[in-house]
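Dear colleague,

Please find below the structure that I am handing over to you, together with its sequence. My notes on what was found in it follow.

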Amino acid sequence: MQLKIYNSLSGEKEVFKPILEGNIGMYVCGPTVYSNVHLGNVRTFLSFDFIYRSLQFLGYKVRYVRNITDAGHLTDDGDINNDRFIKQSRLEKLEPMEIVQKYTVDFHEVLKKFNLLPPTIEPTATGHIIEQLELTKLLVEKGFAYESNGSVYFDVLEYNARGLNYGELSRRNIEELFANTRDLDGQGEKKNPQDFALWKKASPEHIMKWPSPWGEGFPGWHLECTAMSTKYLGDQFDIHGGGMDLKFPHHECEIAQGKACNGVEPVKYWMHANMLTMNGQRMSKSTGNYILPMELITGNNDFFEKPFHPSVLRFCFLQAHYRSVLDISNDAMLASEKGFNRLMEAVKILNTQVQVEGVETSSFDYKNWKEKVLEALTDDFNSPILISHLFEAVKFISASKLGKESISTEDYEDLKQFLNAIVFDVLGLQTIEESNNDKLDQTLQVLIDLRNQARKSKNWELSDQIRDQLLEKGIELKDGRDGTTYVLN
């Protein structure tokens with residue numbers, strides 16, 4: 001089946017044709033690690049995790065790059081005091097890179113809870129300062145950028161004067177953009193109000209700064225993604241993804257930078273995940289309609305009547321198409337939990353209890369059902385339609401257990417393999433037991449670390465006590481050259 005992807009650039013579904021047959025380069029804008037990852041972020045990254053898993057399932061080899069923004073994210077080009085890392089470091093009385101480390105760890109831990117696969121490459125903005133400086137110098141040399149008071153700005157009017165189109169992704173008219181921003185503060189250094197920073201001059205008290213041909217400063221937010229995507233995926237690559245809120249100005253600026261530097265359209269297919277709301281309203285700290293992922297998982301919140309397993313929330317997210325607004329509520333989560341449990345029970349029955357011996361023909365049109373599942377998957381990754389088809393199989397499996405339906409041996413083996421692949425590999429769901437095994441791994445690693453510390457301190461009594469008491473519980477520790485592992489007896 002042909003894979004079709006909705007391209008935000010054209011505003012249409014297009015048949016997907018990779019630049020290099022069988023291979024895909026995909027870049028997704030990652031987090032700005034100055035605070036805890038919020039639930040809307042999780043939905044975006046989970047959407048692209050599903051897309052990543054789907055592409056692999058369809059047989060593509062995917063190089064998936066997702067960056068970490070750990071410097072240069074200004075909320076306003078005109079005011080360097082709006083650097084989010086500097087603001088947060090002052091608030092928490094920590095060094096900026098301590099803020100970065102703290103919230104990068106939080107980001108990874110939360111995404112692991114939701115069973116997101118790690119990207120193949122996860123570069124950081126601070127790790128690519130040289131590349132960003134080289135791109136800035138190239139844009140200045142080509143006349144697309146100019147220096148002003150130690151800062152460097154991209155010249156949007158010059159870009160358009162050369163027949164290019166700033167605003168093509170967001171479908172914004174350049175005259176309207178200029179009219180809407182003409183009276184903003186902090187525009188004094190710019191030739192034009194829509195010009196955006198490539199490099200910002202740092203004040204003497206600014207902590208995060210690097211040397212450059214224009215003096216000490218730090219990179220603009222938009223430049224890092226162009227630098228890292230082109231370094232790891234080339235001047236033109238297949239897919240660029242991110243949240244709908246990044247379409248303008250961030251992704252618009254990326255297109256302009258890529259075209260100005262390399263003379264080609266940097267991305268073939270732009271994909272954007274839509275926003276998450278709660279109880280019918282936008283989530284916002286200022287209104288109090290706000291919840292962190294771990295607060296939903298633990299039940300430590302005022303919005304939901306009970307804790308919900310991360311896989312239940314993942315299942316809830318996937319019941320909406322990635323391009324649709326998704327609203328979560330207590331009722332929606334309870335319904336998702338019910339549906340998730342039905343699906344998992346059916347998979348368990350299929351794997352252990354369905355009788356197929358002596359059955360030559362199926363009462364279930366398996367091949368037609370499988371085709372419908374694949375059609376949904378290849379139709380712009382339509383997870384809600386895919387899931388609705390899964391529940392056709394759930395109904396059949398439940399009836400098979402009661403002897404009301406039958407399936408041939410051939411169809412059964414294929415159904416079992418296919419359904420498990422879709423549920424666990426593509427949708428990325430986990431059984432509750434699998435999640436509990438992760439907790440066991442983490443708990444035992446703590447005990448192994450304590451035992452290693454005891455051995456290092458030559459506290460053999462404590463070391464032996466940990467080993468022997470675990471053995472009494474049926475857990476055997478094995479020491480080897482590569483460290484300590486465990487087996488369950």
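The model is a predicted one. Its pLDDT averages 91 over the protein, and 94% of the residues score at least 70. One stretch calls for caution: over residues 182–186 the pLDDT stays under 50, and the model has 3 contacts there beyond four places in sequence. Where pLDDT is low, the predicted coordinates should not be read in detail.

I turn next to the sheet. Four strands form an open sheet in the order S5-S6-S7-S8, and their pairing is antiparallel. Strands S5 (145–148) and S8 (217–219) stand at the edges; each has a single partner strand, so one side of each is left without a neighbour in the sheet. From one strand to the next, the twist averages 20 degrees. The antiparallel pairing of S5 with strand S6 (residues 151–154) runs over 4 bridges, and within this pair alanine 145 stands opposite phenylalanine 154 in S6. Helix H4 (residues 129–141) packs on the sheet, where it touches S5, S6, strand S7 (196–201) and S8. The direction of H4 makes about 115 degrees with that of S7.

Two helix pairs that share H13 were also examined. Two packed helices are described by the angle between their axes and the distance between the axes.

Helix H12 (residues 366–378) packs with H13 at an angle of about 165 degrees, and their axes are 8 Å apart. An angle over 145 degrees counts as roughly antiparallel, which is why H12 is described in this way relative to H13. The crossing of H12 and H13 is left-handed. On the H12 side, Trp369, Lys372, Val373, Ala376 and Leu377 take part, and they meet Ile385, Leu386, His389, Leu390, Glu392 and Ala393 of H13. Sorted by class, this contact of H12 with H13 has 8 nonpolar, 1 polar and 2 charged residues.

Helix H13 (residues 383–401) also packs with helix H14 (residues 409–426), here at an angle of about 140 degrees and with the axes 12 Å apart. That angle makes H13 oblique to H14. The crossing of H13 and H14 is left-handed. Leu386, Leu390, Phe396 and Ile397 in H13 meet Leu415, Leu419, Ile422 and Val423 in H14. The contact of H13 with H14 has 8 nonpolar residues, no polar residues and no charged residues.

With kind regards

Methods
Residues numbered from 1 in each chain as written. Predicted model: local features only at pLDDT ≥ 70, side-chain atom pairs only at ≥ 80, totals over all residues. Heavy atoms only, no water. pLDDT = per-residue confidence, 0-100. Contact = heavy atoms within 4.5 Å. Pairing = 2+ DSSP bridges. Axes fitted to C-alpha atoms, helices over the stretch in contact; angles between N-to-C directions. Parallel < 35°, antiparallel > 145°, perpendicular 65-115°, else oblique. Left-handed = near helix turned anticlockwise from the far one by under 90°. Nonpolar A, V, L, I, M, F, W, Y, C, P; charged D, E, K, R; others polar.
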